[in-house]
Amino acid sequence: MAESLSANSHQAHWQRALRGVRGRVEPLPPCRTSGRVVRATGLVIEVVGLQVALGNACRIELPAGHSGQERFAEAEVVGFSGDRLYLMPLAEITGLMPGARVFALTEGANDSARRFPLGESLLGRVVDGNGTPLDGLAPLDEAPRAPLSTPPLNPLARAPIEEQIDVGIRAINALLSVGRGQRMGLFAGSGVGKSVLLGMMARYTRADVIVVGLIGERGREVQDFIDNILGEEGLHRSVVVAAPADTSPLQRLQGASYATRLAEGFRDQGRNVLLIMDSLTRYAMAQREIALAVGEPPATKGYPPSVFAKLPNLVERAGNAERGGGSITAFYTVLTEGDDQQDPIADSARAILDGHIVLSRTLAEAGHYPAIDIEASISRVMTAVVDAQQQRQAQQFKGLFSRYQRNRDLISVGAYHPGNDPQLDEAVRRYPQLEGFLQQRIEENSSMDNARQALAGVLGGPS
């Protein structure tokens, strides 16, 4: 009797095991097609014998390592010509051989779209462009996953920008007011304090969630931004996506899209999100590397046309959702080479963003922080989010400041004589207060109310 029970138990165990194997095998296609590598030039790998949609992912078979285990490298289809696919690896490949087999990356039946972790479990985490943790904490295996691409929002369904958002920077709150759901550009050369300004916004902005995309920056700056600029309090409600300069251009492109997708996920939950992307220029440069590698002809200053098509596709994903839904207020840094505001990427970004804040190297070298050039900066939605009195005061402030700057040389050499121009006399008298108003320490938080009171105080009360 005991032997019969033991045999039945053993048989039931194997039946359960076979059902488990069948459950894993049945969803698989009856056969698995593969292609082979025929050429590898620079960043591009050419493959024949495989049909995969543009933008989907593949796995390239590599020679087995010392342990004898199979090795694969992931790549993405970035172009095709006839029956040849152009693939670009997500990371540097070692050991690639001619004729190596290439498979479509499958997740479910006949689906080669890659999926990335989203949701609450990413708050307080630092991940790379693939969604892999960089902070040494627990893996994100249990997080819900989704593709990077999302259907575009109907522009007529978006909620209008009607509410001012507090960014904690006095000059911006008072003179360049930002609306919830606005997309602003931060235009600056290297070393003028843009990362510090972004960190202040990340700490002081009133937002439910902060998503930071560090795209194409130096690896050292990633740790520095997290520890010294974002801080522990800022990181607690943030997700940081890091794709440093030493990663492949595909990873940098993917990192920017992933950061935007994370922000979209939180917005769809009804949250107000602050998206910080540093930088939009590195994103454009990554697309330029990919486009040139697959043979696209260069156009303006070496940038292929696809670069200028990619920028609005990324930026337009930010903004407000439908009425009653969440929002994405976005700040994109734009590097101006040699402080040239007519750089093609800067010019294109200025056209598609809702305003721009220009940082001046001259002000930074004089120890004026944040080095915001008020005359060159503008917020296109300010008139919709502030009252008429603040608009008049902002115009009066800019008028006085601009009049002083235009006559600065005359004042410096002693050619200015009081009494000839009453408006210039007032500008000279108020200039120390105007300049002090624009300066702010990194640990100082200036709310919207404080900024308005300070603006009224500098101008001597309501105008």
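Predicted model: local features only at pLDDT ≥ 70, side-chain atom pairs only at ≥ 80, totals over all residues.
**The network around Glu 46**

Salt bridges link Arg 39, Glu 46 and Arg 84 into a network. Within that group, zoom in on Arg 84 and Glu 46, whose closest N and O atoms are 2.7 Å apart in a salt bridge. The two partners come from distant parts of the chain: Arg 84 belongs to strand β5 (residues 84–89), Glu 46 belongs to strand β2 (residues 44–48), and 38 residues separate them.

Is Glu 46 buried or exposed? Glu 46 counts as buried, because its relative accessible area is 11% and the cut-off for buried is under 20%. Arg 84, at 33% relative accessibility, is partly exposed.

**Two further salt bridges**

Next, select Arg 101 and Glu 61. Their side chains form a salt bridge, with 3.0 Å from N to O. Arg 101 sits in strand β6 (residues 101–104) and Glu 61 in strand β3 (residues 57–62), so this pair ties together parts of the chain 40 residues apart in sequence. Arg 101 has a relative accessibility of 39% and is therefore classed as partly exposed.

Move on to Glu 120 and Arg 271. This salt bridge brings the closest N and O atoms to 2.2 Å from each other. Here the link runs between two loops: Glu 120 lies in the loop between β7 (116–117) and β8 (125–127), Arg 271 lies in the loop between α5 and β13 (272–278), and the two are 151 residues apart. Both ends are partly exposed, Glu 120 with a relative accessible area of 39% and Arg 271 at 23%.

How many salt bridges does the whole structure hold? A search of it finds 18.

Now colour residues 194–204, which form helix α3. This helix is mostly covered, with nine of its 11 residues buried. The buried set consists of Lys 194, Ser 195, Leu 197, Leu 198, Gly 199, Met 200, Met 201, Ala 202 and Tyr 204. To see what covers them, display the elements against which these residues pack: α2 (170–175), β10 (183–188), β11 (209–215), α4 (219–236), β13 and β15 (327–335).

Select Ser 195 within this helix. Ser 195 counts as buried because its relative accessibility is 17%. Which residues does Ser 195 touch, leaving aside those up to four places away in sequence? They are Phe 225, Ile 229 and Asp 278.

**Two cis peptide bonds**

The peptide bond running from Asp 278 to Ser 279 is cis, and its omega is near 15°. Ser 279 is part of the loop between β13 and α6. For context, most peptide bonds are trans.

Then select Tyr 369 and Pro 370, which are joined by a cis peptide bond with omega of about -10°. Pro 370 also lies in a loop, between α9 (361–365) and β17 (378–379).

**The largest pocket**

Display the pocket surface and turn to the largest pocket, which holds about 1,200 Å³ of space. Its lining comprises 39 residues. Which of these lie nearest its centre? Select Leu 148, Ser 149, Ser 257, Lys 310 and Arg 317.

Several elements contribute to the lining. At least two residues come from each of β4 (71–81), α5 (249–268), α6 (280–293) and α7 (305–315). Highlight α5 in particular, since α5 supplies seven lining residues, the most of any element. Colouring the lining by class shows 18 nonpolar, 11 polar and 10 charged residues.

**The whole chain**

The chain contains 14 helices and 17 strands. Along the principal axes, its C-alpha atoms fill a box of roughly 110 × 60 × 45 Å. Of its 463 residues, 49% count as buried. The chain exposes about 22,300 Å², and carbon and sulfur atoms supply 51% of that area.

With contacts displayed, consider those between residues at least 6 apart in sequence: 72% of them join residues at least 24 apart.

Note on methods:
Residues numbered from 1 in each chain as written. Heavy atoms only, no water. 1 Å grid on protein atoms, 1.4 Å probe; cavity = no way out; pocket = protein on both sides within 12 Å on 5 of 7 lines; lining within 4 Å. Points joined across faces, edges and corners; volume = space filled by probe spheres on them. Helix = DSSP H or I, 4+ residues; strand = E, 2+ residues; numbered from the N terminus. Nonpolar A, V, L, I, M, F, W, Y, C, P; charged D, E, K, R; others polar. Buried < 20%, exposed > 50% of the residue type's maximum accessible area, 1.4 Å probe, protein only. Contact = heavy atoms within 4.5 Å. Areas by Shrake-Rupley, 256 points an atom, 1.4 Å probe, with all protein chains shown as cover. Salt bridge = Lys/Arg side-chain N within 4 Å of Asp/Glu carboxyl O.
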